[in-house]
Amino acid sequence: MGIEFNGQEIETTKTGYLENQEDWSEDLGKHMASLEGLALAEPHWDVINYLRDEYFNNNNNQPNTRTIVKAMSEKWGREVDQKELYDLFPNDPSKQAGRLAGLPESRRKGGY
């Protein structure tokens, strides 16, 4: 499988995650989001950048939605709830945002 982007075929898994994390760029993230009907705004990028930072700078950590809620509450300086994250990433904030961030698929099972 793959995504057509800038005249190239970017390889993805069956579930849409990048095969090669070095293929990721902000422009590719925007393109992937547009294929899912999302237009990325600053709050989306806050979540994506947080997930990338956690993965690449914290031993490949892939935070769950509850942890993302806490991190965005701190970043945005107000109480954030799960609904707000699901409004940004309707197909599961930790999984959809992780996919758009170019991270591998999380092996975490269910829950939040």
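This is a predicted model: local features need pLDDT of at least 70, side-chain atom pairs count only at pLDDT 80 or more; totals for chains, interfaces and linings use all residues.
Residues are numbered from 1 along each chain as its sequence is written, and side-chain values use heavy atoms, without hydrogens and water. Local features need pLDDT of at least 70, side-chain atom pairs count only at pLDDT 80 or more, and totals for chains, interfaces and linings use all residues.

**Exercise 1.** Find which residues of the largest nonpolar core touch the most other members, and which elements supply this core.

*Step 1.* A nonpolar core is a set of buried Ala, Val, Leu, Ile, Met, Phe, Trp, Tyr and Cys residues joined through side-chain atoms within 4.5 Å, where buried means under 20% relative accessible area, exposed over 50%, and partly exposed in between (1.4 Å probe, protein chains only).

*Step 2.* The largest such core has 29 residues, of which Val-47, Ile-48, Met-72, Leu-85, Phe-89 and Leu-100 touch the most other members.

*Step 3.* At least two residues each come from β1 (2-5), α1 (26-35), α2 (42-57), α3 (65-76), α4 (82-88) and α5 (93-100), and α2 contributes the most, namely six. Helices (H or I, at least four residues) and strands (E, at least two) are DSSP runs, numbered from the N terminus.

**Exercise 2.** Describe where Asn-60 lies and whether Asp-92 is buried or exposed, given that each has a positive phi.

*Step 1.* Most residues other than glycine have a negative phi.

*Step 2.* Asn-60, with a phi of about 60°, sits in the loop between α2 and α3 and is partly exposed, because its relative accessible area is 48%.

*Step 3.* Asp-92, with a phi near 95°, lies in the loop between α4 and α5 and counts as buried, because its relative accessibility is 17%.
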